[in-house]
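Hi everyone, thanks for making time today.

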Amino acid sequence: MQLKIYNSLTGEKEDFKPILDGNVGMYVCGPTVYSNVHLGNVRTFLSFDFIYRSLQFLGYKVRYVRNITDAGHLTDDGNIDNDRFIKQSRLEKLEPMEIVQKYTVDFHEVLKKFNLLPPTIEPTATGHIIEQIELTKKLIEKGFAYESNGSVYFDVLEYNARGLNYGELSRRNIEELFANTRDLDGQGEKKNPQDFALWKKASPQHIMRWISPWGEGFPGWHLECTAMSTKYLGDKFDIHGGGMDLKFPHHECEIAQGKACNGTEPVNYWMHANMLTMNGQRMSKSTGNYILPMELITGNNNFFEKPFHPSVLRFCFLQAHYRSVLDISNEAMLASEKGFSRLMDAVKILDEIQASDVSTVNVQEWLDKAYSALVDDFNSPILISHLFEAVKWIFLLKDGKETITAEDLALLKEKLNAFVFDVLGLQTITEETGSDKLDETLQLLIELRNQARKTKNWELSDQIRDRLLEKGIELKDGREGTSYTIN
């Protein structure tokens, strides 16, 4: 079956034709590691994990590159105090690269819980400073960039004057862009307000800085992805993905950099995952409508009545198409848990089904429909609906109300397991071991002790510590939080 992908650049579903037959080069914008990965990020990365798994299932050899942004970047007002890494390092009294390490570890741990496959290559921005400097030099040589007071900017007007089209991905008119843009970031250094930074001069207070031909500074946010994607996938590659929020300006700038530097469209298919909302509203720290992945998994939150296993959440996410807005709520999670349990029960029961001489179920027709959903722009909700068609059969087979031949039974087992575990990436929920329960209990006591310390209830705090110590459990307070050792 012909795979079709919705291309954000053209706004249409297109037949997927890889540059190199049987191979796929895919780049996905990774996290900026200055804080805990949030649930919206998880939805995006999980969507592309599903796409990655699907491409492999369909027989493609995939080189999947997902970067780590570990270099600081100024916000639009150009204020050094708003550099996310520096701001967080001051809050936590840590070096910026300690912040990077801390939240990179958090990112990997959270994604591992959701059973995301690691990318083929995971490059970092700070590990590719040389490539970014060389790319900037090339853009200056070609007349698409200019140096100003130690910073280098991409010349958007010059780009358009040469018949290219800045705004083609987001379908924005260049005149409107200029009319609605203030020169906050450039502080008067830019020729045009819409020009974006390739390299920024570091102020004396800026900690993360590197030597360049234009003086000490740091790379622009958009530059790093162009440098890393082209290094590992070539000047032109198959798929570039990311969240919908990155379409403009980040991906727009990537297209401009790639075309200006290499004279070709850098990507054949642009893919964007949509937003995640909660209880019908956008998730935001400022409004309080916000939850971290681990808070949902542990149940330590005020939005959900119980903890939910990562596979249940993964199942919930995949019941919406990656291009659709997904809303989660307590009711949605409970329904997903019920559906997930029924699916897993069916997989288990399938091993107990006995073959017959005749099939009253059409396994090949079912399989064709499942594949059709997968190749139709990775339509996970339709795929799941077809899996539940098989679930219905399995319970009827168990009750003797349908029959199936040995050949069809083997095919059904093979493909249902492949779709559930290899493509959807779901995992069987096993009973918690004693050590798991002990760890959860100790984490709860540590949390209660931390709350007591915050309210200056030192008596309760010391009592928890001392009673645990009597049982051979020693609490250790450090910069990373409270840990424990069992003697």
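Let's start with Pro249, which sits in helix α8, residues 247–262. Helices here are DSSP runs of H or I with at least four residues, strands are runs of E with at least two, and both are numbered from the N terminus. The peptide bond leading from Phe248 into Pro249 is cis, with omega near 5 degrees.

Before I go on, a word on the source: this is a predicted model, where local features need pLDDT of at least 70, side-chain atom pairs count only at pLDDT 80 or more, and totals for chains, interfaces and linings use all residues. Residues are numbered from 1 along each chain as its sequence is written, and side-chain values use heavy atoms, with hydrogens and water left out.

Now to positive phi values. Asn149 is not a glycine, yet its phi is positive, about 55 degrees. You'll find Asn149 in the loop between β5 (145–148) and β6 (151–154). Is Lys456 buried or exposed? Lys456 is exposed, at 63% relative accessible area, while Asn149 is partly exposed, at 48%. For the cut-offs, buried is under 20%, exposed is over 50%, and partly exposed lies in between, using a 1.4 Å probe and protein chains only. Lys456, also a residue other than glycine, has a positive phi near 60 degrees, and its loop runs between α15 (434–454) and α16 (458–470).

Last, the sheet. It is open and mixed, with three strands in the order β12-β11-β13. β12 (281–282) and β13 (326–328) are at the edges with a single partner strand each, so one side of each has no neighbour in the sheet. Pairing requires at least two DSSP bridges between two strands. β11, residues 276–278, pairs with β12 in the antiparallel sense over two bridges, and Met278 has Gln281 of β12 as its bridge partner.
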